[in-house]
Amino acid sequence: KERNAVLLSEDDWLAQLYPGEVESFDDYVRLSRRMRPLVKDLVQKMLRAGANVVMDFAANTTKQRAWFKELCAEVRALHEMVYLAASNEVCLKHIAKRRLEQPERAVFDTEQVFLKVVQYFEEPEDAEGLNVRRVEVSG
């Protein structure tokens, strides 16, 4: 609402396009890659039309963030990446809560998957050339 933007959620897209198929981290990686060209095309069309877009997509690695930056640069769109800085403990508390609130995600939203994913995490760096807004997340 703050940005008068269209929200696109990777989790929602995966659930709609591939219902019941994201059961492991490998499934997520494979299916996320498969839908990225479609998402990129749609987002760029929306940006060219003057819409504001908020993308709730993974940006845990330099490579993932480079895709986002390229998507914006190709259409000369301004961007802001919101980096939620949280400890593993806080993330695991949020995952446990989400499992209760959204039981359909319980198969994939596990401590084991989180611990696998977090080992690939790379904190955003100034050299990436992104406009980063850091938000500290607690309890």
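**Chat: cysteines and helices in a predicted model**

Q: Let's start with C72: buried or exposed?
A: C72 is buried in this predicted model, at 4% relative accessible area (buried is under 20%, exposed over 50%, partly exposed in between; 1.4 Å probe, protein chains only).

Q: And what about C91?
A: C91 comes out as partly exposed, with a relative accessible area of 23%.

Q: What should I know about the model itself?
A: It's predicted, so local features need pLDDT of at least 70 and side-chain atom pairs 80 or more, while totals for chains, interfaces and linings use all residues. Numbering starts from 1 along each chain as its sequence is written, and side-chain values use heavy atoms, leaving out hydrogens and water.

Q: New topic: how do helix 2 and helix 3 cross?
A: The axes of helix 2 (residues 25-48) and helix 3 (residues 62-74) come within 9 Å and cross at roughly 20 degrees. That makes the two helices roughly parallel (under 35 degrees). Helices here are DSSP runs, H or I, of at least four residues, and axes are lines fitted to C-alpha atoms over the stretch in contact, with angles from 0 to 180 degrees between N-to-C directions.

Q: Which residues meet there?
A: From helix 2, Y28, R36, V39, K40, V43, Q44 and L47; from helix 3, Q64, W67, E70, L71 and E74. Contact means heavy atoms within 4.5 Å.

Q: Where is I95?
A: I95 sits in helix 4 (residues 88-101) and is buried, at 11% relative accessibility.

Q: What does I95 touch?
A: D109, T110 and F114, leaving aside residues up to four places away in sequence.

Q: And how far is I95 from M46?
A: They're 31 Å apart, C-alpha to C-alpha, and 49 residues apart in sequence.

Terms used
Parallel < 35°, antiparallel > 145°, perpendicular 65-115°, else oblique.
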